[in-house]
Structure formats: structure tokens, C-alpha cells
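Hi,

Here is the structure I promised to pass on to you.

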Amino acid sequence: MTKGFKPGTFFQRDFDWHPPPLTPGYKTSIARSPQRARIAFDNTMTEATGPVFGHGMLGDLDNDLTLNYARPGQSAQGPRIILHGHVLDQEARPVPNALLECWQANAGGRYRHKKDGYLAPLDPDFGGCGRTITDERGYYAIRTIQPGPYPWPNAVNDWRPAHIHFSLFGQGFAQRLITQVYFEGDPHIALCPIVNTIPDKAAIDTLVAKLDMNHTAPMDARAYRMDFVLRGRRQTMFENKMEGM
Amino acid sequence: MRYLKESPSQTAGPYVHIGCVPSFAGLEGMYGGNDLGKSMITGDARGERITIEGHVIDGTGTPLKDAMLEIWQADAAGLFHSPEETRGDADPAFTGWGRQPTDAVTGRYRFETVKPGAVPWPDGRMQAPHILVWIVARGINLGLSTRIYFSDEESANSADPLLSRIEHQNRVPTLIARRDGATYHFDIHLQGPDETIFFDI
Ligand SMILES: [Fe+3]
């Protein structure tokens with residue numbers, strides 16, 4: 001007989017830490033927020049498992065937004081940065097093989113998207129999307145340009161702080177998460193109605209990347225550090241009876 | 001005891017397509033032109049081929065034209081394409097995971113998949129066949145999770161451990177996709193009298 005532990009169900013989510021569905025300061029949430037209580041149940045296999053992505057699917061430039069849309073010999077305009085860190089679970093264990101997908105505006109604050117009509121120009125060498133998969137230590141890094149702040153239609157004079165959107169896949173669908181990363185020192189963080197959908201200032205602070213002079217590429221790119229935390233996971237004891245016992 | 005807090009969610013915003021389905025967003029050729037999750041069937045998959053389509057509808061009755069949906073499900077035999085699947089080998093021609101935007105003009109979404117087999121509830125009882133759905137969009141602060149069940153699985157649905165514990169049984173039809181030939185129709189209502197049941201998973 002063998003005994004051991006296998007991954008079980010995920011820790012309960014803290015809905016007071018996440019933004020609530022209805023946040024009137026962010027007007028679009030008003031008609032798009034469910035009003036009834038979510039119905040809770042412990043994960044079944046459907047929620048505890050999820051798709052797995054292999055490092056083999058990545059192209060060489062997928063995690064380099066300065067080059068992955070640029071013309072040959074060119075690179076994107078703007079302050080060059082490395083954004084890096086770890087993906088951890090709530091017990092500070094690394095989450096290996098997590099897929100991170102990111103998207104962002106260019107250095108002028110303009111997205112390469114049909115619906116973005118901001119007058120800042122498109123950069124012909126910048127697409128605005130990248131992706132990577134964490135290594136066995138849960139570590140990831142992308143190279144990009146620092147995005148610009150941009151105005152958006154909410155109140156008449158609302159501006160988004162510079163930010164990069166991130167989508168994360170952990171080891172089970174219950175860990176699925178989309179969030180945004182901001183940059184230390186940006187005065188727009190405190191003013192932004194989307195940032196302020198998060199009720200707790202301490203929670204907002206966890207989304208602010210910190211300047212990290214130890215991981216710069218000298219004469220090339222500054223570095224910012226951002227660690228992500230996905231839901232933790234219970235361990236389930238199992239016993240396997242060996243053949244013939 | 002010290003646990004880290006989960007990173008707080010932020011809305012996917014109006015440009016989620018750039019990052020998640022870049023070819024759909026107009027970044028032709030990004031990642032070889034293959035948007036992740038576009039095809040769930042990668043070969044001669046076992047089981048019944050089905051289409052699931054519908055709209056995501058806001059509190060004013062307007063379909064969202066900037067949403068993105070992901071689904072995750074078992075194969076036709078009820079096995080997950082996951083390293084944690086210990087009950088057998090899932091169909092190698094079926095990924096179990098799909099990702100689709102809602103159409104920028106009509107707001108319709110569509111998945112081509114196979115009808116899933118049943119998978120167990122933690123106590124060993126079988127659940128009715130179902131698909132996990134996750135919805136993100138501008139104005140949605142934390143991705144919404146729901147499930148699709150099937151209108152032609154009436155007896156399995158009535159014995160399902162999750163469906164049967166829902167207090168307001170008059171809301172259960174919001175989780176049941178309506179069969180019409182090989183197509184199932186499943187609209188997701190974010191608000192209003194027909195608000196879809198969303199789960200805390
Ligand atoms: Fe943005």
C-alpha cells in the first residue's frame with residue numbers, strides 16, 4: 001500500500017479583497033454586474049483541473065514586445081523595461097508552467113485596436129501583446145516598453161495610469177485570473193476609478209510593480225518586479241492498494 | 001499562520017482581445033496566426049460533435065460585443081485532458097479547453113466542441129454532463145463562472161448533485177442549453193429577471 005498527498009480543492013476566494021461586481025464609479029459595471037448571490041460549492045474535477053500549456057508552444061519573441069511586432073531591424077518606441085517576478089500560490093509556493101498573456105497600450109497610450117480612437121499615434125513597430133510560461137521556480141520575465149497613460153470615457157476627465165493587463169492560468173480553472181499591473185510612483189493610480197474598484201488600499205499596492213535596479217539590463221532596459229499570487233490548494237491524502245494485496 | 005492574499009482581479013477591459021485572441025483583434029500573424037483555444041477538436045475526436053452558441057446580455061437587454069468566453073470540459077468519455085486525470089487517458093484529439101470572443105457586430109459567441117461525458121461529484125455520485133464557462137469583459141470586475149447543462153439530459157439533470165441543491169429551482173433553467181439539432185443555444189444574462197446563476201468556484 002502506498003500513501004501520499006495529491007492536489008485537492010482550492011482555498012476559498014476572499015471576495016472582500018477582490019472588487020465587488022457593482023462599482024458605480026466605474027460606470028460600465030452598472031449594467032454588467034450580476035445582482036444575485038454567487039452559489040458556492042467545493043471544487044469538483046471540472047473546477048480543480050484546467051488546460052496545461054507547454055513551453056514548446058512559445059515562439060522566441062513571444063515574451064519580447066519590443067520586437068515581436070517590429071519590422072526587421074526596428075524595435076518599439078518608448079522606455080524599455082523588463083517586467084519580471086514569480087507566480088506563487090497563497091502558501092508562497094512557486095506555480096510552474098503558468099501561462100501569462102499580457103496586453104498594453106504603446107508608449108503614447110494608444111492600443112492597436114479598431115475601437116481605440118485616442119489621438120496618440122500608433123507605433124508601427126509595436127503590437128501590444130506578449131506571453132510567457134513560468135519555469136520550474138515559478139519565474140517569468142517579459143521585455144516591453146513602459147505604456148503611456150490614456151484618457152477614457154467614464155467621467156469627463158478620467159485617465160488610466162500606465163498599466164499592463166495580465167491573464168494568468170495556474171494549475172486549475174478555479175485559479176483563473178485577469179488583472180492589471182501598475183508602476184510605482186504613478187499619481188494616476190490613486191485617481192483611477194478602475195483601480196478604485198478594489199476596496200482595500202493594501203490590495204491595490206500588490207498590483208504596483210516596483211523599480212528593481214538589480215535586474216536591469218545595463219545600457220538597455222530598466223527592470224520592474226511584479227509577483228502574482230494565485231489561489232492556494234488543499235492537499236488530499238490518498239492510499240493506493242497495490243496489486244494482489 | 002500567514003498566507004499570501006490572491007492577486008486582486010481587475011476588469012479585462014475593452015481590449016482583452018489584443019492579448020488573448022490577437023489574430024481576431026487584427027494583429028495578423030501574431031503567434032503564427034493561431035489564437036489559443038480557437039480549436040478544441042484537433043483530430044478524429046470521439047463522441048458527438050456539437051455547437052454551442054448564444055449571447056452575453058447586459059441589464060439593458062443589449063448583447064456584449066467586447067466579451068471573451070472560455071470553456072473547460074471533459075471529453076466524450078468524461079475524462080479531462082489534464083495531468084491530474086487518473087481515471088484513464090483523455091481523448092488525444094480533444095483539448096477540452098476553448099476560448100472565443102463575442103462577435104464585434106452581432107455579439108454572438110460560438111464553440112465547436114464535443115458533448116462531454118459525466119464526471120463524478122466528490123462523493124462518487126455522477127454529475128450531469130456539463131461545461132464550465134468563464135466570462136470576462138469591460139465592466140466585469142472579476143471573471144464570472146457558470147455551467148452549461150444540456151436540455152436533452154433531463155433525467156441526469158434532475159439527479160445532479162449541484163443542480164438539486166440550488167434553493168431557487170426556478171433559476172435552474174438559466175443553466176440549461178436548449179438543443180436544436182446539433183446546436184445548443186445558451187444565452188448568459190448578467191442581470192435582470194433571467195439573471196444566469198453564477199458560481200463561486
Ligand atoms: Fe488598458
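**How the two chains meet**

In the interface, 86 residues of chain A are in contact with 73 residues of chain B. Please keep in mind as you read that this is a predicted model. The size of an interface is often given as the accessible area lost when the parts come together. Here, the area buried between chain A and chain B comes to about 7,000 Å², with carbon and sulfur atoms giving 59% of that. On the chain A side, Arg32(A), Ile39(A) and Phe41(A) supply 12% of the area that chain A buries against chain B, more than any other three residues.

**Salt bridges**

How many salt bridges does a search of the whole structure find? Over all chains there are 29, and the rule finds eight across the interface of chain A and chain B. Two pairs that join the chains may interest you:

- Glu70(B) and Arg176(A) form a salt bridge in which the closest N and O atoms are 2.7 Å apart.
- Arg99(B) and Glu101(A) meet through their side chains in a salt bridge, at 2.8 Å from N to O. This pair crosses between chains, running from strand β3 (residues 97-101) of chain B, which holds Arg99(B), to strand β4 (residues 99-104) of chain A, which holds Glu101(A).

The largest pocket has a volume of about 580 Å³. It is lined by 20 residues, and the closest to its centre are Lys6(A), Pro7(A), Gly8(A), Met45(A) and Ala48(A). Which elements give two or more residues to this lining? They are β1 (2-10), α2 (45-48) and β14 (233-240), which belong to chain A. The largest share, four residues, comes from β1(A). By class, the lining of the largest pocket has six nonpolar, seven polar and seven charged residues.

The second largest pocket holds about 430 Å³ of space. Among the 25 residues that line it, Trp152(A), Pro153(A), Pro14(B), Tyr15(B) and Arg138(B) are the closest to its centre. Strand β7 (residues 150-152) of chain A gives the most to this lining, with three residues. Sorted by class, the lining of the second largest pocket divides into twelve nonpolar, six polar and seven charged residues.

- Chain A, residues 11-44: UniProt places "domain: Protocatechuate 3,4-dioxygenase beta subunit N-terminal" (unreviewed entry) here. The span is 12% helix and 6% strand, and its end C-alpha atoms are 13 Å apart.
- Chain A, residues 49-232: UniProt lists these residues for "domain: Intradiol ring-cleavage dioxygenases" (unreviewed entry).

How values were computed
Residues are numbered from 1 along each chain as its sequence is written. Chains are lettered from A and ligands numbered from 1 in the order in which they are written. This is a predicted model: local features need pLDDT of at least 70, side-chain atom pairs count only at pLDDT 80 or more; totals for chains, interfaces and linings use all residues. Side-chain values use heavy atoms; hydrogens and water are left out. On a 1 Å grid over the protein atoms alone, a cavity is a set of points where a 1.4 Å probe fits but cannot get out, and a pocket is an open set with protein on both sides within 12 Å along at least five of seven lines; lining residues have an atom within 4 Å of a point. Grid points are joined across faces, edges and corners, and a volume is the space filled by probe spheres set on the points. Ala, Val, Leu, Ile, Met, Phe, Trp, Tyr, Cys and Pro count as nonpolar, Asp, Glu, Lys and Arg as charged, and the others, Gly among them, as polar. Contact means heavy atoms within 4.5 Å. Buried area is the accessible area (1.4 Å probe) that two parts lose on being put together, summed over both. A salt bridge is a side-chain nitrogen of Lys or Arg within 4 Å of a carboxyl oxygen of Asp or Glu. UniProt positions are given in the numbering used here, feature names are shortened, and annotations may be inferred rather than shown by experiment.
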